[in-house]
Amino acid sequence: MGFREEFAAEARAERPDLALLCLYLAAEADPALDQRAVDEAQIELDRLAGLLPYGLRGARAWASAVTELLGGRMAFHGTPADYDRLSSSLLHEVLRRRRGLPILLSVVWLEVARRAGAPVYGLALPGHFVVGFGDPEEGVTADPFASGAALGAGPAELAQGPRLAARTLDIVLRILNNIRAWASTRPEHSGVALWALDLALLLPSHPAALRYERARLLVERGSYTEGAVELEGYAVVVDAIDKEAAARIRAEAVAARARLN
């Protein structure tokens, strides 16, 4: 079974493994990432967890210890330049470089802290991603992108409403969305956008509009027949709720087939 099949199976597991999903995802971008490399990445997460003190209690104690280890001794952090690199969204590269996007750095923190027994969760903010410790009502939050700096209650998005822990598959979908966004500004990397869409569509729950985005991307890449078939299939779904939109999508399918001539 290939990594894409492993990804699909893990995504449908009763308790999906976040690290494994991120590593299977990374294998789409890095052909050199084989099972041995996946195992090595997991071992590194275990090793880092083993460096945390034993017997910690309380959200603040955990936040302080993880921050000291990962943000301090191990120097995991991010910079604006990391947004320009696809490797910043690949877990094995983030472990190697100790640099990455906020959500991938948060994955490292989550996986290391969980392995050590910490009460930890991911917190998705508009345009950012951080890590929380303990009961969300306590508000103990750290920013891995800033080496684990505490956010406190400053940002408006933290002060409003309950803090809901991000679910594993929501984290994975957000990572894939980031990859698609990276590729969207780089037409030469449309293949990256395609595999990111393919993986997103393997998740048990995903926006239906991703099918439309994939169909249009296929047409843009010159796969006119395949794209037309995808457009027609999506039109059937849309037809039940918006017949005018469905008609427009079918017209796109006709136009795509016409480009074969």
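Here's a quick briefing on the overall build of this protein and on one of its strands, β2. The model is predicted, so to speak of local features takes pLDDT of at least 70 and side-chain atom pairs count only at pLDDT 80 or more, while totals for chains, interfaces and linings use all residues. Residues are numbered from 1 along each chain as its sequence is written, and side-chain values use heavy atoms, leaving out hydrogens and water.

**Overall build**
- You'll find 12 helices and four strands here (DSSP runs numbered from the N terminus: H or I of at least four residues for helices, E of at least two for strands).
- The radius of gyration is 20 Å, close to the 18 Å that the globule rule gives for 261 residues, so the protein is as compact as a globular protein of that length (taken over C-alpha atoms; the rule is 2.2 Å times the number of residues to the power 0.38).
- The C-alpha trace spans about 65 × 45 × 35 Å along its principal axes.

**Strand β2**
- Six of the six residues of β2 (residues 128–133) are buried, so the rest of the structure largely encloses this strand (buried means under 20% relative accessible area, with a 1.4 Å probe and protein chains only).
- His128, Val130 and Gly132 point one way, while Phe129, Val131 and Phe133 point the other way.

**Its partners**
- β1 (residues 120–125) pairs with β2 in the antiparallel sense over six bridges (pairing takes at least two DSSP bridges).
- Two residues separate β1 and β2 in their hairpin, where glycine 127 in the turn has a positive phi of about 75 degrees.
- β2 also pairs with β3 (residues 140–143), antiparallel over three bridges, and valine 131 has alanine 142 as its bridge partner.

Methods:
Buried < 20%, exposed > 50% of the residue type's maximum accessible area, 1.4 Å probe, protein only.
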